[in-house]
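Here's a structure to walk through together. Have the sequence and the 3D view open as you read.

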Amino acid sequence: MKKVAVIGVGETRFGEHWYKSFRDLAVEAGIKSMEDANLERKDIGALFVGNMSAGKFIGQEHVASLVADHLGFSGIPCIRTESACASGSLAFRQALLSLQSGAYDAVMVEGVEKMTDIIGSQASLALMGAGDQEWEASVGLTFPGLYALIARRHMHEYGTTPEQLAMFSVNNHKNAVKNPDAQFRFEISVEDVLNSPLIADPLHLLDCSPITDGAASVLLATEDFIKKKKIKNPIWVLGSGQSSDTVALQDRKSLTAMFVTIDAAKKAYKQSGLKPKDIKIAEVHDCFSINGLMAIEDLGFCKKGEGGKFIEDGNISLGSTVSINTSGGLKAKGHPVGATGISQIIEIVKQLRGECEKRQVDAKYGLTHNIGGSGASCLVHIFGKEK
Amino acid sequence: MIKMVHRSSIPLHWRLYEPKYKLVGNKCLKCGESFFPPRNICPNCGRKGALKKIVFSGRGTIYSYTVIRTPLDGFEQQTPYVIGVIKLKEGPKIVGQIVDTEIRDITIGKEVKSVFRKIYDDSPSGLIHYGLKWVVIE
Amino acid sequence: MLGIVGYGAYIPKYRIKTAEIAKIWGKNPKEIEKGLLIKEKSVPGIDEDTITIAVEAGQNALARSGINPKDIGALFIGSESHPYAVKPSGTVVAEALNINRELRLADMEFACKAGTAAMQIILSMVKAGDIKYGMAIGADTSQGRPGDALEYSAAAGGAAFIIGKDPAAIIEDTYSFTTDTPDFWRREGENYPKHGARFTGEPSYFRHIIQATKGLLNKVGRNIEEYDYVVFHQPNGKFPVKAMKYFKVPKEKYLPGLVVDRIGNCYSGSSPIGLTAVLDIANEGDKILLTSYGSGAGSDSFSIIVTKRLKEIRDKAKKTEYYIERKQYISYGVYTKFRKKLKI
């Protein structure tokens, strides 16, 4: 199989971009990645755009062409991918497969979401589009509600505590302070989390990721292209795994283990020849603290049910056993759903390139974990400095 | 304003009233697993499976639950409301509201039964959606 | 022999005390309680309405009857609070109860007596041999204008009766008395009814209850003393007691069916719920006299005789006393939320 690497990255700041539109954000991220790799329009074979729900957030479909249009890429084959909050990573994987198939030499991947043009409750309704409309949304279930059901069950089965969940958010915020692109650059305490309003018991406001605007872009290229263009510091894609499961939470065999994470990770580990202990840095999908906690269990960083203790014992903080969400994660860096997967990849690429300054971690490999919905889809990617 | 299609769509609501009113699901005669809502194909046996319509008893236990304090658009007047994952006696799990029960009396493992209630009341001029909710058996 | 083969009541669990309402309007709670003889009334949960109450009552009736719902050939629901102005309540209820689709069905309205009117129609259909079994339901989630005297009494509840052969209680005969007496009404599109205050008494409630009851007694050739239980429509605690006194019915014969002081006036479900409370305790051979009243106005009177089957079916569903005693008190604030009186 052809070797493929990330050769350029660029993203907007994450946050509430009152002055910028969907297309403004997409263009900003795209230009940054092109400048980062020092490529021209003619070098790019195709454009992949990960986006969850522009139709609901800004009333706009057909967004792959829209992004291509405003980037000045007219004529380029462009593809939109959707897998709820995993839309960005899905675009990345499709781009990867297109390069491995030999169809292109270099492609651009974008993840974009503009969420603040509608009010929060409407944005929540749009996000609930990732759940089962006929059986979940119809009874008043919300996304925090879905993860609260998971959290309650995890507490019941493994004795996980609200404090342990809170510590996951605390770690994210601590890291976000060191990330200039993050939405929330301030520290919070366990007490702050537990004293924040309950959204869906047992999850508090500070267990939940925010509503965010943002775009992220990476350029991917084949080994031949990299050699030909003499591109420096490529970060190689060593493993890519994808999986799917029931859309409705009620149909899952287990609420406390994400089958999609376990399965996608298994595929990515196998392809890369690496094991969980080889991974020292990971960006995991903590749309809610419980999901971050389950991710470190399901990715194999600790045993099932021991996530709470693993966090409590200081194993996820910067430079510890495995540095989790050095970017600030979805909780503190922000979660513009379609852009999230790409942004996670950018963080790992920057870490492996050694560009993360105050939050820099020494690692050979890095992993990204991006979930769609309440666990109906998942993509895991593993990156390395060496092929 | 974003409208949830399934709330404003008459056919979408109408097609599902049997499972929603009466817990009509199905069971695979080959592997023996029951499904709610009814599935078009057995996920275990694929096309070799044989699905038969069954009606669930409406009895089960609380598998997990949450209190929704920030509601989904359209559920503001019911807030706060409890949503549980109910494990039906016959096997499958289903999410639904747990009503007429004090929040402190709701714990994992408690037995529940279905009750017929208004699920969603579109607007004073819209369609009223009925279906099943759950109460803890005293 | 035709009559009731299955019966069931349902009352929502929420209650508001008369004193709690009186407090809001600066009234003396003691005076109101004394005036209406109502201590508290039932309030439907935010997700309950006439349809859901009818389903619950219908399920209890089916459980007691032991018959296959597919054998029910007609369903009539009487209510003054059908959730839709146009679109039947009965179709939802029939599907929820899994009743046969070869079904005669219509919704009925006659203020507080639509439930007993439904019973009469079903009885006639069974008698004519058109259907094997039929179900009649009286159910309401009635509303009084905030601050109006009716706010203290307008309550929620319902009762369902399956009528057919081999009954637990024979419906010996019925008699109705109807005139054009406008004591209470609600115009199309209005949220709350209007009423004639004291006019609802003598020329309305009392005249019709008395005429129908006398008519029935005359028709079946009995004295009221022959009845073991008497149930009258109960818009408040005072009216039925006064009517009982007129007929010289002793307390022990009417108290078992007098539930208004604890749940309020359930309108179309009012006297039918009273009847279910009596059926929960009556013995073989007991005679029950039931007279409903609907504003506008009319009364249906029933002569009922208990058979030995009643004891066999009685425990197959929750009794009326269970629903009356199962309660959770709510504040006026929660009440306004549940009854959607808040503008959102």
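What follows looks at one interface and then at one arginine. Keep in mind that this is a predicted model.

Let's start where chain C meets chain B. On the chain C side, 24 residues are in contact with 23 residues of chain B. Putting the two together buries about 2100 Å², and carbon and sulfur atoms give 48% of that area. If you want to find the chain C residues that lose the most area to chain B, look for C:Asp47, C:Tyr84 and C:Glu95, which together make up 24% of what that side buries.

Now for the polar side of things. There are 17 residue pairs in polar contact between chain C and chain B, and six salt bridges cross the interface. For an example, pick out C:Asp47 again: its side chain forms a salt bridge with that of B:Lys133, at 2.8 Å from N to O. As for secondary structure, helix H3 (50-65) and helix H4 (89-96) of chain C each give two or more residues to this side, with H3(C) giving the most, four residues. Sorted by class, the chain C side has 11 nonpolar, three polar and 10 charged residues.

Next, move along chain C to C:Arg314, in the loop between helix H11 (309-313) and helix H12 (320-325). Beyond its neighbours within four places in sequence, C:Arg314 is in contact with several residues, including C:Tyr7, C:Arg64, C:Ile281 and C:Lys319.

Methods
Residues are numbered from 1 along each chain as its sequence is written. Chains are lettered from A and ligands numbered from 1 in the order in which they are written. This is a predicted model: local features need pLDDT of at least 70, side-chain atom pairs count only at pLDDT 80 or more; totals for chains, interfaces and linings use all residues. Side-chain values use heavy atoms; hydrogens and water are left out. Contact means heavy atoms within 4.5 Å. Buried area is the accessible area (1.4 Å probe) that two parts lose on being put together, summed over both. A salt bridge is a side-chain nitrogen of Lys or Arg within 4 Å of a carboxyl oxygen of Asp or Glu. A polar contact is a pair of N or O atoms within 3.5 Å; within protein, one must be able to donate a hydrogen and the other to accept it, and residues adjacent in sequence count only if both atoms are side-chain atoms. Ala, Val, Leu, Ile, Met, Phe, Trp, Tyr, Cys and Pro count as nonpolar, Asp, Glu, Lys and Arg as charged, and the others, Gly among them, as polar.
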